[in-house]
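Hello,

Here is the structure I promised to pass on. Please have it open while you read, as my notes go through it piece by piece.

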Amino acid sequence: MKDSKPKAMLMEDLLQSLVDNKKGGTRYAFLLGAGASISSGVPGAKVLATEWLETIKENNPDGYNKLIERPEYKSGDIAALYSDVYSVRFPIPKNGYQAIEEIMSDKRVWPNVGYSILAQVMNQKRHNLVISTNFDRLTETALLFYQNVHARVIVHETMLDLIAVDDQQPSIAKVHRDMFFSPKSENLEALQRWSAFIEEVISQYHLIVVGYGGNDAGLMSALSQALKKNNNAQMYWCHIGEAIEKLQNFSDLAMSKVVTVKIAPFDEMMLALGKKMKYPLLSEKFIEDAEKRKHAYDAEIKTLVKKASMSNDEEFRDTITQLVASSWWEVELSVQKIQDLDKKESLYLTGIEKFPESPELLGNYAAFLHDIRKDYDGAEQHYKKALEINPDYVDANSNYAAFLHEIRKDYDGAERYYKKALEIDPDHVNANGSYAIFLHNIRKDYDGAEQHYKKALKIDPDHANYNGNYAAFLLARGRTAEAKPFLEIAEKNCDKKPLELELHFYRLAHFPETGEVSRKAIKKLLKEGVLSPEWDFSQNIEQAEKEGCNYVEELREIAAKISAVE
């Protein structure tokens with residue numbers, strides 16, 4: 001640069017422009033240097049170069065003396081010597097790669113609050129591209145951890161063709177590759193690829209440069225050339241101290257498209273952007289996401305425990321036993337293995353003595369008392385204890401809601417707990433299925449009921465009970481053709497006799513062609529003492545009457561027997 005000076009802009013004005021264009025207009029991309037990573041635990045170029053110089057001084061005095069004679073060192077700009085210091089410190093490239101990987105793999109390296117804002121910005125699909133000169137994985141980790149989004153990550157110049165720079169997928173392009181050191185893009189082919197890519201980026205985005213010292217001559221040349229070639233190009237060079245001297249090498253034409261922006265440190269700048277974007281703090285989301293992951297994990301363990309309890313494969317049973325050893329799951333596995341109800345209860349009580357603060361064990365014992373022992377006061381006591389320990393334990397919320405619904409007839413209380421369970425985990429199959437039954441039979445909110453039946457079956461398409469309940473719902477509305485596939489899935493997967501009894505009733509009421517088979521099956525199950533206490537068949541009987549059933553009184557008599565209280 002000989003005559004031109006870059007224009008200047010306030011940080012607040014730049015951030016406001018990102019907000020103003022978040023739904024349309026100008027798109028912004030970020031070029032991140034090492035300065036953006038320091039607060040997230042990554043040592044800066046100056047720190048590493050200084051540390052490595054001490055080792056060079058000891059091992060290679062001649063190399064050390066040459067480096068400290070450099071004008072960059074004498075002026076105090078040690079960061080500008082980073083790549084040269086690296087080359088002398090690690091004459092064996094493999095050792096350098098290993099050193100960089102160890103630094104980036106340190107547990108203290110974690111995307112700080114600034115990256116949490118950047119991840120939210122990128123996930124809004126407009127300002128969704130980061131070009132990074134760093135080896136760390138902070139941006140992609142932030143997207144996954146803070147937004148549950150997998151970024152497209154370009155870790156080698158040969159992959160640049162995979163990015164369509166105008167698409168909406170959050171993308172990260174790493175100039176110096178990913179933990180595999182190449183201090184400057186000196187390879188001619190690599191330079192050509194990066195130059196073409198940066199030219200395309202600048203034709204689609206305005207580029208915001210943050211935390212970058214301009215010490216890579218190849219990248220700086222590519223930026224200058226791209227700015228010169230595009231009439232509408234704009235680059236915002238963000239700096240904390242004075243604007244970087246490296247810009248002096250830009251041509252007048254390139255410099256006319258550069259705006260310098262004096263900024264706060266990266267985290268503070270991004271927090272200011274988050275405030276303007278009206279992003280909430282993510283603390284509650286972390287807890288919610290952790291609970292969801294824990295629930296999904298526990299659900300998988302629960303499936304394995306149940307499978308092991310019924311398996312004849314001794315090796316598999318032993319594997320699961322060892323997996324859950326010394327945890328509340330060990331108690332639950334022991335309970336699942338035996339049939340004797342007294343022994344089950346004894347195991348639960350012993351387990352609760354050992355794990356008195358386990359909401360899972362307390363909740364499971366409550367369900368045992370509720371469903372099996374019919375000890376409703378004991379069940380309620382243990383549901384409440386589980387929820388006292390963990391108010392956000394979704395299984396206990398869902399099961400206690402069903403208890404209040406079915407046993408206490410406290411419908412307002414039941415609805416509060418159903419809603420709480422679904423707020424904690426909208427994809428909880430039992431909360432959706434049980435709430436659907438509640439809306440169907442109690443609130444007569446048929447649209448809401450259908451919505452939750454469908455949600456439950458989307459999560460678990462083979463769930464026998466919810467297929468059967470949804471079939472009954474559809475049959476009661478005269479939607480027989482729609483109901484039939486759900487009824488068949490329920491029949492195929494049914495493993496509980498009360499549900500089998502209900503399904504035969506629906507067959508008898510709505511499919512007279514198979515009525516005699518179902519009539520005999522119902523008679524047999526009733527003789528065995530199988531019941532479905534307080535189950536409401538009234539809507540299906542009314543619909544059967546509308547459909548011209550000539551044994552409606554028989555249906556009413558059978559329904560009364562099935563739903564009789566034990």
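Predicted model: local features only at pLDDT ≥ 70, side-chain atom pairs only at ≥ 80, totals over all residues.

**Helix 16**

Let's begin with helix 16, which covers residues 341-354. Which of its residues are buried? They are Lys-344, Glu-345, Tyr-348, Gly-351 and Ile-352. Viewed down the axis of helix 16, these buried residues fall within an arc of 125°, and therefore they line one face of the helix. On the face turned away from that buried side you will find the exposed residues Asp-342, Lys-343, Glu-353 and Lys-354.

What do the buried residues of helix 16 pack against? Their partners are helix 15 (328-337), helix 17 (359-373) and helix 18 (376-389). There is also a cap at the N-terminal end of helix 16, provided by Asp-340. A side-chain oxygen of Asp-340 lies 3.0 Å from the backbone nitrogen of Asp-342.

**Helix 2**

Helix 2 (residues 45-59) can be read in a similar way. With 15 residues, helix 2 reaches 21 Å from its first C-alpha to its last, close to the 21 Å expected at 1.5 Å a residue. Its buried residues are Leu-48, Ala-49, Trp-52, Leu-53 and Ile-56. Because they cover an arc of only 140° around the axis, they sit on the same side of helix 2. The buried residues of helix 2 pack against helix 3 (61-68), helix 4 (71-74), helix 5 (82-89) and helix 6 (93-104).

**Aromatic residues**

Now to the rings. Tyr-115 and Phe-266 form a tilted pair, 5.1 Å centre to centre with 50° between the planes. Tyr-115 belongs to helix 7 (residues 113-123) and Phe-266 to helix 12 (residues 266-277), so this pair ties together parts that are 151 residues apart in sequence. Are these two residues buried or exposed? Both Tyr-115 and Phe-266 are buried.

The other pair, Tyr-470 with Phe-486, is edge-to-face, at 4.8 Å centre to centre and 70° between the planes. Here Tyr-470 comes from helix 23 (residues 464-476) and Phe-486 from helix 24 (residues 480-493), so the parts tied together are 16 residues apart in sequence. Tyr-470 is buried, with a relative accessible area of 3%, whereas Phe-486 is partly exposed at 24%.

Ring pairs also link Tyr-376, Tyr-383, Tyr-400, Phe-403 and Tyr-417 into a cluster.

Phe-145, in helix 8 (residues 138-147), counts as partly exposed at 32% relative accessibility. Leaving aside neighbours within four places in sequence, Phe-145 is in contact with Trp-110 and Phe-286. Phe-145 and Phe-286 are 141 residues apart in sequence, yet 8.8 Å apart in space, C-alpha to C-alpha.

**Charges over rings**

Finally, have a look at two arginines. The charged end of Arg-477 sits over the ring of Tyr-446, 4.1 Å from the ring centre. Arg-519 lies over the face of Tyr-551, at 5.0 Å from the centre of that ring.

Best wishes

How values were computed
Residues numbered from 1 in each chain as written. Heavy atoms only, no water. Helix = DSSP H or I, 4+ residues; strand = E, 2+ residues; numbered from the N terminus. Expected span 1.5 Å × (residues − 1). Buried < 20%, exposed > 50% of the residue type's maximum accessible area, 1.4 Å probe, protein only. Arc of directions from axis to C-beta. Contact = heavy atoms within 4.5 Å. Polar contact = N/O pair within 3.5 Å; in protein donor to acceptor, adjacent residues only side chain to side chain. Phe/Tyr/Trp six-rings, centres within 6.5 Å; stacked < 30°, edge-to-face > 60°. Lys NZ or Arg CZ within 6 Å of the ring centre and 35° of its normal.
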